[in-house]
Amino acid sequence: MRIGYDLDGVLALWTPQDKQDFRGIKRKSDGERQFYANLLPNKSPILKDCGVIITSRPQRLYKTTIKWLKEHKIKHKGLYCVGNAKLSDSLKNRIGDKFAETEWGFSQAGCKAHKIHQLKLNVFVEDRGDVVVALTLMCPEVNIVHYKEE
């Protein structure tokens with residue numbers, strides 16, 4: 001079974017204070033890298049040995065994220081920083097114009113869906129409810145699990 005995990009909000013805690021702090025950070029800055037480097041890990045032991053990780057973090061944060069995973073001893077089978085880029089034509093065809101032409105076509109759900117299909121995942125764990133709904137529509141053959149921090 002091929003399992004994928006979101007990072008922020010699943011493997012890394014993403015508190016209401018983190019959300020507020022994030023809004024004030026300038027993108028492509030040292031402050032952005034520092035913010036992600038300082039996030040706390042989820043302490044759930046089930047999340048310490050993961051499948052692949054698909055995050056909406058931009059590619060420029062790949063090294064920062066790899067370092068964070070090592071520091072917190074989170075094992076994984078690959079890290080994919082997919083950002084929020086435009087959907088590929090093949091995925092547009094797969095999910096249909098109805099969804100490809102909406103904001104989802106340019107959202108983190110669209111980018112994650114593309115990678116989920118590429119990796120042929122069976123299960124994907126995501127914390128954001130809106131992304132769960134979008135992924136369920138875009139990846140009907142994949143079990144999308146809505147993870148909620150207790």
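This is a predicted model: local features need pLDDT of at least 70, side-chain atom pairs count only at pLDDT 80 or more; totals for chains, interfaces and linings use all residues.
Biologist: How many helices and strands does the secondary structure of the protein come to?

Modeller: Read from the N terminus, the elements follow the order β-α-α-β-α-β-α-α-α-β-α-β. The secondary structure comes to 7 helices and 5 strands.

Biologist: What share of the 150 residues in the protein is buried?

Modeller: The protein exposes about 8,600 Å², of which carbon and sulfur atoms supply 52%. A residue is counted as buried when its relative accessible area is under 20%. On that criterion, the buried share of the 150 residues is 49%.

Biologist: Which residues of strand E4 are buried on each side?

Modeller: In a regular strand, side chains alternate between the two faces of the sheet. Strand E4 covers residues 123–126, and both of its faces are covered. One side holds the buried residues Val123 and Val125, and the other holds the buried residues Phe124 and Glu126.

Biologist: Which residue in E5 is the bridge partner of Phe124?

Modeller: Strand E4 is paired with E1 (residues 3–5) in the parallel sense over 3 bridges, and Gly4 stands opposite Phe124 there. E4 and E5 also run parallel, joined by 4 bridges. In E5, the bridge partner of Phe124 is Ile144.

Biologist: Is His146 buried, partly exposed or exposed?

Modeller: His146 belongs to strand E5, residues 143–146. Buried means under 20% relative accessible area and exposed means over 50%. Because the relative accessibility of His146 is 36%, this residue counts as partly exposed.

Biologist: The backbone oxygen of which residue lies 2.9 Å from a polar atom of the side chain of His146?

Modeller: Beyond residues up to four places away in sequence, His146 touches Glu126, Asp127, Arg128, Gly129 and Val132. The C-alpha atoms of His146 and Arg128 are separated by 7.4 Å, although these residues are 18 apart along the chain. The backbone oxygen at 2.9 Å from a polar side-chain atom of His146 is that of Asp127.

Biologist: Why does Ser56 count as buried?

Modeller: Ser56 lies in the loop between strand E2 (52–55) and helix H3 (62–71). Leaving aside neighbours within four places in sequence, Ser56 is in contact with Val82, Gly83, Asn84, Gln108 and Lys112. The limit for a buried residue is under 20%. Ser56 is buried because its relative accessible area is 15%.

How values were computed
Residues are numbered from 1 along each chain as its sequence is written. Side-chain values use heavy atoms; hydrogens and water are left out. Helices (H or I, at least four residues) and strands (E, at least two) are DSSP runs, numbered from the N terminus. Buried means under 20% relative accessible area, exposed over 50%, partly exposed in between (1.4 Å probe, protein chains only). Contact means heavy atoms within 4.5 Å. A polar contact is a pair of N or O atoms within 3.5 Å; within protein, one must be able to donate a hydrogen and the other to accept it, and residues adjacent in sequence count only if both atoms are side-chain atoms. Accessible areas come from the Shrake-Rupley method with a 1.4 Å probe; for residues, only the protein chains shown count as cover. Two strands pair if DSSP finds at least two bridges between them.
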